[in-house]
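Here's a quick briefing to read alongside the model. Have the viewer open and follow along.

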Amino acid sequence: MKVYVIGAGMGNADTLTVAAMRAIESCDALIGAKRLLEAFDSLPCEKRVLVRADDIVAAVAELQAGDAAHACILMSGDVGFYSGATSLYDRLSPYDVEVIPGISSLGYFCAKLRTPWQDAKLVSAHGREHDAVGDIQSHALTFCITGGKTKVQDICRELVERGFGDLEAAAGERLSYPEERIVKGTAAELAEMEFADLSVLLVWNPRPLQREFGAPALPDAAFERGPVPMTKGEVRALVVAKMHIAADHTVWDVGAGTGSVSIEAARAAYRGRVFAIEKEADAIELLERNREVHGATNLTIVPGTAPEALAGLPAPDCVFIGGSGGALAGIVEAALAANPAARICVTAVTLQTLADIVSCLQQLGVEDADIVQVSVARAQHVGAYNLMKAENPVYIATFSLGSPQEDS
C-alpha cells in the first residue's frame, strides 16, 4: 500500500502544495488531527481522527488488510519542523512511503512579516522543556512555537521580568485562517495580551549576548575599576576555564568586586544566568556600570553578605568565590546545599586564605581538588628598557563532590 506523509501547513487547505492535494484527492483514507481533517469534509474517502503514532500505525495496518490502495497521513506544518512525522518513518517502513513537505508556521509567519529567517534560532515551547528566554537573550532573531503550558504571553512576561521588555516582538495565532491575528509591539506590550494555544512568537534582539572569541578574552582595560579589587585577565581566563561553564549554566560569583569574572561568566553562560553577590556599595555601582557596558543582560546583582545573601537564589552549576570575607566554609556549605554537584572555584592571594581552603577541603573529605598557583609578570618601561614586574601569586582551587577534578 502507498502511504503519503503530508505536511498540511497551518491547517487551511490553501497552504497545501499541489502534490499534496493530488495525493489527498485520490486517497482511500485520510488520517490526522480533527483540525486538519475538517478542510476535507467534502471528500468521499474514509477519515480517521488520530494523532498518536501507535494509533496511526495500527490504522495503516488495518487499511492495508482491507485492500486500501493508498492512505494519506496529515501532519501540521512542515514534516521536518518539530513534527510528529519523525516518529512514524521507521514504523512505516513495511509500506511504500512518500513524504510531501508542507509550509511551516515559521515560513508562513516570516513571509507575512516580510522578514528573512535564515539566521533565526528556532525554539519549541509547545509541550516540552525549553529555555526560550535564554535563546532570545543570545540570538538576534528567535522564533518560538508556543502552546500547552507555555503561551506567547508567558514568554513575554518572563522577558519583562528579565529586563527584556523593550525588545520588538510579533505574535501570530490561527495562522492562515480567516480569523488570523498578527500583533506587533514590544515584549512588554504583548505580555499584557492573551494569545491562543498553538500561537507563534518572533523576537528581535539588537544586542544579543555572545562571545566574540572561544575563550575569556576581555582585557583588563575593558572594565571600570576604581579602588575595587579585580581578578586580573590571566587569572580570570583560568578561573572561567576551570569552572567548565556551559551555555545554559547558572553561576554564582561571590564577592564579585568590579564584576570582571561575572561578565566573563555571563558571556560563557550566554543562555544561562549569573548572580553577582557583593556587599560593598562602591563595588555594586561599578558592577552595574560594567554590566551595562558589556550588555550582560543575564547578570543579576545581589547586594549583601554571603552566605546570608545566597538564600533563595537559583541552584548554581558553578560557583566562583573571589572574596569570602572569612566565611568560606559557610559559603561552600550554602552552595552545596543548593546543588551538591556544583563545581566550585576559589581563589586566594594570602597564605591564610589558602589555609582556609585546605581546611574546608579536608572537612568535606575532598582529596582530589585541583589546586594551582599562578604567577604572572608584566613588562614595564624603565628608560630605554623593558623589565618584568611580578604580580602577586594567586592560588586557584577547583573541586566538586562528584568526580576527580584534575584537568588534563
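Predicted model: local features only at pLDDT ≥ 70, side-chain atom pairs only at ≥ 80, totals over all residues.

Residues are numbered from 1 along each chain as its sequence is written, and side-chain values use heavy atoms, with hydrogens and water left out.

**Salt bridges**

- Asp135 pairs up with Arg271, with the closest N and O atoms 2.7 Å apart. Asp135 sits in helix H5 (residues 132–138) and Arg271 in the loop between helix H9 (260–268) and strand E12 (273–278), so the pair ties together parts that are 136 residues apart in sequence. (Helices, H or I of at least four residues, and strands, E of at least two, are DSSP runs numbered from the N terminus.)
- Asp135 counts as buried at 4% relative accessibility, while Arg271 is partly exposed at 22%. (Buried means under 20% relative accessible area, exposed over 50%, and partly exposed in between, with a 1.4 Å probe and protein chains only.)
- Arg289 and Glu285 meet in a salt bridge of 2.9 Å, N to O. Both lie in helix H10 (residues 281–293), 4 residues apart, about one turn of the helix.

- An open sheet is built from 5 strands in the order E6-E7-E10-E8-E9, with mixed pairing. (Two strands pair if DSSP finds at least two bridges between them.)
- Strand E6 (121–126) and strand E9 (181–186) are the edges, each pairing on one side only.
- Strand E8 (residues 168–173) runs antiparallel to E9, and 6 bridges join them. Ala169 has Gly185 in E9 as its bridge partner.
- In helix H4 (residues 105–112), the buried residues are Ser105, Leu106, Tyr108, Phe109 and Cys110. Their cover includes E6, E7, E8, E9 and E10, where contact means heavy atoms within 4.5 Å.
- Arg114 follows H4 and has a positive phi, near 55°.

- Val382 is in strand E17 (residues 377–382) and is partly exposed, with a relative accessible area of 42%.

Conventions: Salt bridge = Lys/Arg side-chain N within 4 Å of Asp/Glu carboxyl O.
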